[in-house]
Amino acid sequence: MNSEYITDKGTIDESGFFTADVFHVLVDGENYMALHTDQFVAQKYDDHFKENVNPETLLSLRLFSKTKELFVNRNDLGKPFTYRLACDEAVPEENFLDEIQFLDIDGKRSKEGEYYPITGNKAYKLPLQNGENAIKIRNYIKYSETGRAEVVDFRIVGFCKKEVR
């Protein structure tokens, strides 16, 4: 695997964050998670995206759908962001592994579409629907010459419902 899932990568300056060409791949209805120094935001991508994402305090951002993810990240405030766009169209099935992870939410104390209580008495608003309680992660795999598999990257595919055993 030669990173065939990465279809674009580069840097974005904080001052030109919302005008960066890479944002042309976004469409309404996709989800995003933004980690700022002072808040965590998880929403559907829509007209309120620019209101909820502040480039001055943003550390990382993931905009994702079933087929692609834009990951924007930086290590320190005031520095440029790096980004990579991952698309699954050209990736053979043997080069990724999906996993489902339960979200840390207390379903007894939360109502769909509202803030979800988690361990530690915090609460986050998540764009969950129809009883979704988990997140689907796609791990990209690279094989060594001897056939040893290594996870080299991952992306978020979306939210889903997982049965509790």
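User: Leaving aside neighbours within four places in sequence, which residues is I12 in contact with?

Analyst: In this predicted model, I12 is found in strand β1. Once its neighbours within four places in sequence are left aside, the residues in contact with I12 are F17, A20, V22, F23, P80, F81 and Y83.

User: Is I12 buried or exposed?

Analyst: The cut-off for the buried class is under 20% relative accessible area. I12 has a relative accessibility of 4%, and therefore counts as buried.

User: How far apart in space are I12 and K79, C-alpha to C-alpha?

Analyst: Along the sequence, 67 residues separate I12 from K79. In space, taken from C-alpha to C-alpha, the distance between I12 and K79 is 9.4 Å.

User: Which strands stand at the edges of the sheet?

Analyst: The open sheet is formed by six strands with antiparallel pairing, in the order β1-β6-β5-β4-β2-β3. An edge strand has a single partner, so one side of it is left without a neighbour in the sheet, and this applies to β1 (6–12) and β3 (40–44).

User: Which residue in β5 does F64 stand opposite?

Analyst: Strand β4 (residues 58–64) and strand β5 (residues 68–73) run antiparallel and are joined by five bridges. Within β5, the residue opposite F64 is E69.

How values were computed. Residues numbered from 1 in each chain as written. Predicted model: local features only at pLDDT ≥ 70, side-chain atom pairs only at ≥ 80, totals over all residues. Heavy atoms only, no water. Pairing = 2+ DSSP bridges. Helix = DSSP H or I, 4+ residues; strand = E, 2+ residues; numbered from the N terminus. Buried < 20%, exposed > 50% of the residue type's maximum accessible area, 1.4 Å probe, protein only. Contact = heavy atoms within 4.5 Å.
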